[in-house]
Amino acid sequence: MPVTMTTEAKAPIRHDWTLDEVQALFDLPMNDLLFKAHTVHRQNFDPNAIQISTLLSIKTGRCSEDCGYCSQSAHHKTELEAESLLSVDEVVEAAQKAKDEGADRFCMGAAWSRPNKRDFPKVLAMIKAVKSLDMESCVTLGMLDQEQVQALKEAGLDYYNHNLDTSPEFYGNVISTRTFQDRLDTLNTVQQAGINVCSGGILGLGEERQDRCSLLMQLANMAQHPDSVPINMLVQVEGTPLYGQDEIAPLEFVRTVAVARIMMPHSVVRLSAGREEMSDEMQAMCFFAGANSVFYGERLLTTEGASASADQKLFHDLGMKTSLEKKTGGHNSATDPVPDAVTEAAPLQSLNF
Ligand code: SAM
Ligand code: DTB
Ligand code: SF4
């Protein structure tokens, strides 16, 4: 006999979360939290679709900021080899390869506190070149002023990544060369220009659960939720102050993904750095909890990513459809919200088991 479930009404999008409410979500029994998060996920997205982004470091190392987690800060002694800005041709070659491997978004990261006058026009050319490959473009370049944001918009930029990283309360323990407010200011300018915002954080920096609550509250109480929310697990790099930090418990990581999904129902939640350290089972739980995007490729910015063959096997074993299959037809985009007519009927009845 088919299993039927009551269709829960879609919760409204909120921007007024309180810390107590977020804490209460974290405190739910795991099964209740997962059920709630997965219900929200299924109401808004195809639960078996995954969006694929690929990263490239376009300028590596010698960054003037002192982010305690980062291999690229000039304040830390890591083994990283610095590299000046890549050429547009090098970027196009990497983007084409990423596209051939199934990515539909190409994200370019620069180790800058903010872009300089000499290099910025070259980044605009990179964005235009990526767009001409019929891929979505994303850049992460540090803080921006209004003029730069306008130029990025005119170049056709789709997404700007700028992470809040952690709670305002814990921020000073991790970064001293800029403030949490600096991050919010850039995000506001980007959002007001109509560029999609990609903003999330890193777990495992030594923060407490209340910092994770506070980080999610900051993201979800923005005037508009970020379109994309990367949840990174710290990649520990030798020579950085956070090397040797206690790792975050896998179930606490999954909980954070689930709470992010509940608080930001329309945002694409990306399982980001740190996946190579996660078991298939942990990743599967994150996808069930509402993650629907990954960084794909052997390299993140300066560290190794999860292997492409392991990822292909994982998506196959989970029956998840990637952007590559989307191009061959059918509705399975993680980025296209499921139309209302479908959502009303989407919860498990359609599975007929
Ligand atoms: N410099 C720009 C900035 O910080 O905004 C852009 C590049 S920066 C490398 C982009 C993001 O990568 C950071 O905000 C941080 O969230 C993430 N990140 C950097 N190092 C990381 C690490 N070791 N583990 C996890 N995430 C990391
Ligand atoms: C994000 O949230 N994570 C990416 C991307 N945005 C730019 C970066 C992860 C960096 C991991 C460490 C490294 O490879 O240097
Ligand atoms: Fe620089 Fe960005 Fe690394 Fe911070 S995270 S040190 S701003 S490259």
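Good morning. The structure before you holds two cavities of 30 Å³ or more. Please keep in mind throughout that this is a predicted model.

The largest cavity has a volume of about 850 Å³. Its lining is made up of 41 residues, and those closest to the centre are Y69, C70, Q72, N163 and L301. Which strands contribute at least two residues each to this lining? They are strand 1, covering 49–59, strand 2, covering 105–110, strand 3, covering 136–140, and strand 7, covering 228–233. When the lining of the largest cavity is sorted by class, 22 residues are nonpolar, 14 are polar and five are charged.

Let us consider ligand 1. There are 16 residues around ligand 1, and the ones that come nearest are T140, N163, D165, R183 and V235. N163, already named among the residues closest to the cavity centre, has a side-chain N or O atom 2.8 Å from an oxygen atom of ligand 1. Two further approaches involve the backbone. In Y69, a backbone N or O atom lies 3.1 Å from a nitrogen atom of ligand 1. In W112, a backbone N or O atom also lies 3.1 Å from a nitrogen atom of this ligand. Taken on its own, ligand 1 has 550 Å² of accessible area, and the protein covers 90% of it. The shell around ligand 1 comprises nine nonpolar, five polar and two charged residues.

The largest pocket contains about 450 Å³ of space. Its lining has 21 residues, with L55, L56, R299, L300 and L301 nearest the centre. Two elements give two or more residues to this lining, namely strand 1 and helix 3, the latter spanning 88–100. Strand 1 supplies the largest share, with four residues. The lining of the largest pocket divides into 10 nonpolar, five polar and six charged residues.

Finally, the second largest pocket has a volume of about 260 Å³. It is lined by 17 residues, and K10, A11, V40, Q43 and I262 lie nearest its centre. Helix 2, at 30–44, and helix 9, at 250–263, are the elements that give two or more residues to this lining. Which element provides the largest share of the lining of the second largest pocket? It is helix 2, with five residues. Nine residues of this lining are nonpolar, four are polar and four are charged.

Thank you for your attention.

Notes:
Residues numbered from 1 in each chain as written. Chains lettered and ligands numbered in written order. Predicted model: local features only at pLDDT ≥ 70, side-chain atom pairs only at ≥ 80, totals over all residues. Heavy atoms only, no water. Near = heavy atom within 4 Å. Polar contact = N/O pair within 3.5 Å; in protein donor to acceptor, adjacent residues only side chain to side chain. Areas by Shrake-Rupley, 256 points an atom, 1.4 Å probe, with all protein chains shown as cover. Nonpolar A, V, L, I, M, F, W, Y, C, P; charged D, E, K, R; others polar. 1 Å grid on protein atoms, 1.4 Å probe; cavity = no way out; pocket = protein on both sides within 12 Å on 5 of 7 lines; lining within 4 Å. Points joined across faces, edges and corners; volume = space filled by probe spheres on them.
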